[in-house]
Amino acid sequence: MIEPIKHRNVSDRVYEQLRDMIYRGDLAPGERLSSERDMAALFKVGRPTVRSAIQKLMNQGLIVSRRGVGTFVQKPYSDIEKKPLLQVLNTEDFTIADCMEVRLALELKSAELAAKRATEKDVLKIKEKLDQMAHDRIVKNDPILTDIGFHMNIAYASKNIVHIHLMKSFYDVQTYAMTVSYKVKLDGLGINQLIDQQHQQIYESIRDHDPERSVKAMEEHVCLIIKVCQEYGL
């Protein structure tokens, strides 16, 4: 049987790199992208190629263009009309605990597969976000998006493209749920040190390529958040 040939043009590759930088937390919400000319030079492509990639990111609500100012990474869970899952949930009654229960299932598989398949580069990316969270605590920056970047990099390390896309689809919901849970309750419970320790354990188990320990560490971490959400009616 003849199968369709999958073709990715250069513009798609530029788009994929920029998209993944956003989901991995390498490009933060509100951060201004380089000019088309500068990006064309960095990617070694023509400006029309960059322009096409930028347009695709805008169509997905990942970036926004401000006339006369520049192009910026969009804030998570904004532009709801471009986010199908958020559109559906916007008409439903759901709790933060509901979101976290779904997150638990996704994150356990992320941890298991990452521990089996993470490359040295993947481990370094996860460690980078771990170190950035520690820095955020010191300088009093909001650690939520760095936290999400930590977990997204674990998902990328799974090397399962279907799982990665599921995590990206859940990205905005997860950002919303974590923002509410942190700001409403978690940040005032004095458990930040415990959460940081759990992140460290998750990282070390993936670094050591220990799937069983990785799953256990991730389960303890997410279940702690679920327990808090359920106890405080979130």
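**A close look at helix α6**

Tutor: Helix α6 is followed by Lys-140, a residue whose phi is positive, near 65 degrees. Most residues other than glycine have a negative phi. The model is a predicted one, in which local features need pLDDT of at least 70 and side-chain atom pairs count only at pLDDT 80 or more, while totals for chains, interfaces and linings use all residues. Residues are numbered from 1 along each chain as its sequence is written, and side-chain values use heavy atoms, with hydrogens and water left out.

The protein contains eleven helices and two strands, where helices (H or I, at least four residues) and strands (E, at least two) are DSSP runs numbered from the N terminus. Its average pLDDT, the predictor's confidence in each residue on a scale from 0 to 100, is 87, and 88% of the residues score at least 70.

Consider the length of α6 to begin with. The expected span of a helix is 1.5 Å times one less than its number of residues, which means that the 20 residues of α6 should span 28 Å, and the distance of 29 Å between its end C-alpha atoms agrees with this.

Which residues of α6 are buried? They are Asp-122, Val-123, Lys-125, Ile-126, Lys-129, Leu-130, Met-133, Asp-136 and Arg-137, where buried means under 20% relative accessible area, exposed over 50%, and partly exposed in between (1.4 Å probe, protein chains only). Seen down the axis of α6, these buried residues fall within an arc of 165 degrees, so they line one face of the helix; the arc is that of the directions from the helix axis to the C-beta atoms. An α-helix has 3.6 residues a turn, so residues three or four places apart point the same way. On the other side of α6, Glu-120, Lys-121, Leu-124 and Ile-138 are exposed.

Tyr-203 lies in helix α10 and is buried, with a relative accessible area of 8%. Helix α10 (residues 192–207) is also where confidence is highest in the protein, at a mean of 95.

The elements that give two or more residues to the lining are α1 (10–23), α6 (120–139) and α8 (161–169), and α1 provides the largest share, five residues.
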